[in-house]
Every structure is written in structure tokens, then in C-alpha cells.
2 protein chains.
Amino acid sequence: MITRSELQQLRSLRDKRHREALGLYAVEGEKIVGELLAAGHEFEAIYATPAWGGRVTRPITEADMARASHFPTPSAVLAVARLRRTDLPAGALARGLTLALDGVQDPGNVGTILRVADWFAVDRVLLSPACADLHSAKVIQASMGSFARVPAFVAPLAAALREAGAPVYGCALAGTDVHQLPALRDAVIVIGSEGRGLSAEVTPALTGVVTIPRRGGAESLNAAVAAAIVCDHLRRPR
Amino acid sequence: MITRSELQQLRSLRDKRHREALGLYAVEGEKIVGELLAAGHEFEAIYATPAWGGRVTRPITEADMARASHFPTPSAVLAVARLRRTDLPAGALARGLTLALDGVQDPGNVGTILRVADWFAVDRVLLSPACADLHSAKVIQASMGSFARVPAFVAPLAAALREAGAPVYGCALAGTDVHQLPALRDAVIVIGSEGRGLSAEVTPALTGVVTIPRRGGAESLNAAVAAAIVCDHLRRPR
């Protein structure tokens, strides 16, 4: 039997402040929890209704799951994991490919970018503190499990980029055509926010600007779409 | 003063059945309504609170807007337009670039694909009847105005593709590397559904399969991301 205070704690994990205070976050959905269990991911607790076929530590009724779930249509399982935030190691940006998110606020975009990073074997994703929270339910859901595979860090972006030790390309409407980008083994690609693009603090830290040529009428491309097109170019065989 | 039955009609436009029965749909948000007005788009009615600076036919209080709006955070304007569905013209797929959506059900993905199609000057988007409804609030919002610029049609997909008169490439996990795709002036690119990929009915109508090479761990790419990468390749100068 789930206690009222337990249910309240699960509900409170919808909120970033409570996640940080408790040091916990929730992962929901049969597919994603199943994948993470198969990959050896550790959970503090696994709440599941009888419809879930996997490991359970706390059986829960469908009615209580509907109360605990962060989604309007709850799944059969909600797993609670410990928040583990590691600081960006010094010098990390000098090696490999980094996607840096400059205030990407839509959690669906942040989750999709983690999935893109995973697909293209991007080495890490760096988020400015203004981005959607990595451990929100919508980011985790949109990442389709990739949030558990891609090293992700939150850090003040401008300072980190100034000391990157690798070329730093911002994505914007006017810059080098992405198709002309040289092969870059080490690079940081900065994706601006949905509404305002690259921030004034980050712009001086760029060593170049890259653009995806527009052929038609749209004003801009979705942040995850832009990130994916640049990654596809950097990862294609030359 | 907005009548109760008027408010009820606006609320009913959240539902596809009611949109079809009334022959109307709603467009919400200052930016998108402003853009459409500037482009000469015709509306049956423009409901707006005093915060809206543009044309209004029906002033509405904030409280009534909150009741009428299809979103949890209503904007200052909700415009009602007439549904105009045109049938896919015979032979249309033979010319230019078509994105065909095979059961793409997430309205955010359908809207983002319209925006991608607009950016890359794709000639048309063809949706199978199982796709998210073109005139739902979330599709319109995610398209960022592109839904009004990109010719879009709904039609049974397999039959249309069999008579395409142009190469028909499905996006899937195993196929021709997208980077090896020849320059194609006329082509149909088919994007499968989020959960199941390409449908069994559509597969026999394909003349080829294209794939975006995976370098890392993700199981798949988001539908809009995949569409964008293929469009970027087909539209790049050779």
C-alpha cells in the first residue's frame, strides 16, 4: 500500500526544486524503464501496476499511478532514480564533438537533441542554466532513453566556451554554409534558444557561425532539426 | 459580448469532428495570427483581448479567452478560418519534391515537418489519413506559420505512391546512405510513424529505401529530424 506522503513525494518530483532538494527524479513508461533496467541502470524504487511485466519494488494501483504520474495518460511503471550531476571536467570541450545549448527552453527540443546526440555519437551535451531541466519528465520522454547514454552537463555557457580549446560554431541565419564546413574532429556547436537564437553573452565566444541554407519561406528551423543537420554533416565520412 | 453558444463553438474547434462539421478551424497566438494577417490570410472572425494590437472583429475578455483557448496559456488572439481542403491533383507527385507522412501521429512532429518543408521549399506534404490532423491547434502552433504556406493534402498513401510517377524513397534503418543519394529533382520521401515506421501497405510502393547512418546508441531518429536531414541533402547544391 502506497502511503499518502509517498504519493506526495512522487508528485513533487514534477517540480525541479523538489527534484534538487530530494536528489531524485522520475522516469516513466514501459519502454524506457525496460530499456534502462536492461542496461543496468539503478533505481531507488520501481512503482508499477499489475500491467507491468518487469521488476517491481512498490506495487501501485492504477488509481494511485494516475495520481503519481507526471503525464495525463499514465503508463504502468514509474521508476525513481538518484540525481547524479557531475561538473564539466576541465578541458573536456577540447576533445570530440560537443553540442552546447544556449537557453533551449522547450523540454521536447532538449530531449530530441539528446536523442540526436546519441544517434550521431556526439561526445557530450552542455546546457546553459536557462535550458529546460534535464531531469524533467518531458525531456526524459522525448529523449527516448538517450538521456541515460549521453554525457550531459549544466554550466554557465559563455565561460565554458571561452576556454573550449576547440572551434566553437554558433548556428544562426547568416554564416558559413554547413555544406562547406571542414571536417572537424574536435568542435563545439552552439544551438540558440527557440525565441531569441544565440545570446549576447555567448556570441563573443564563437570562433565561427554556421548556417543551414534556407530555400523557402520559414523564418527559422526547429532547434533539434538544426542540431541534427549540423551533426549529420560533421559525422559523415569524407 | 461573447455569447455562451459562441464560446461553446470556439471550444468545440479543439475537436476534429467538430472542425469538419463546422468547416472551421482556429489559429491562436499573436505572432502567427499577425503573420497570417500580413500575408493576406482571410479569417471568418478574430477574437482578441485588449492586449492584442491588431485587427479585431470580436473583442473578448481575458476570462472568456481562457475558456475559448485550446492551450493552457492562452494568447491575446484567436482567429477562426474556413477549412479549405483540396484533393491531391492527379499527377502532382510526378513533379518536384514531396514529403509523404505515413501515419505520423504526433501533432508536434507534423507541425515541425511543415516548417521543415517550408524551409527547404518542398513542393508539397502528403499525409495519410492516420496522421495528426493538419488543423489541430498543436500542428498549427508547431508549424510556426508554415501550415499556411506549404501545400498539404490528405489522401490514402499507398494508392497515391503507386501512381507517383517519380522515385519514392522510404526512410528506414537499412537502405541507401542518404549521403549517396543522387540529385533528384522529382522525388517522394516517405516518413514512417513514430512507433512503427513505414506501414506494410506503403512498403510495396517504394522504389528505394534511404537511411541516415547511425553512429551511436539511439534506436531511431525523430520523424521531423529524419525528414529534415533528407531534405537538406536533396536541396544542397551539387
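Student: What makes you say that chains A and B meet through the same surface?
Tutor: 100% of the interface residues of chain B are also interface residues in chain A, so the copies meet through the same surface. Contact here means that two C-beta atoms, placed from the backbone, lie within 7 Å. Mind that this is a predicted model: local features need pLDDT of at least 70 and side-chain atom pairs pLDDT 80 or more, while totals for chains, interfaces and linings use all residues. Residues count from 1 along each chain as its sequence is written, with chains lettered from A and ligands numbered from 1 in the order written.

Student: What makes β1 and β3 of chain A edge strands?
Tutor: The open, mixed sheet of chain A runs β1-β4-β2-β3. β1 (24-28) and β3 (58-59) each have a single partner strand, so one side of each lacks a neighbour in the sheet. Strands are DSSP runs of E, at least two residues, and helices runs of H or I, at least four, numbered from the N terminus.

Student: How do you know that β2 and β3 of chain A pair?
Tutor: Pairing requires at least two bridges found by DSSP. β2 (residues 45-48) and β3 of chain A have two bridges, in the parallel sense, so they pass that definition. Tyr47(A) stands opposite Arg58(A) in β3(A).

Student: Which residues touch the most other members of the largest nonpolar core?
Tutor: Ile113(A), Ala227(A), Ile113(B) and Ala227(B), out of 162 residues. Helix α8 (residues 223-235) of chain A gives the largest share, 10 residues. Such a core joins buried Ala, Val, Leu, Ile, Met, Phe, Trp, Tyr and Cys through C-beta atoms within 7 Å. Buried means 20 or more other C-beta atoms within 10 Å, exposed 12 or fewer, and partly exposed in between. Among the residues Ala227(A) touches are Leu99(A) and Ile113(A), not counting those up to four places away in sequence.

Student: Where do the domains of chain A lie?
Tutor: An automatic or database assignment sets the bounds: domain 1 is 4-82 and domain 2 is 92-235. Their contact takes 15 residues from domain 1 and nine from domain 2. On the domain 1 side, β1(A) gives the most, four residues.
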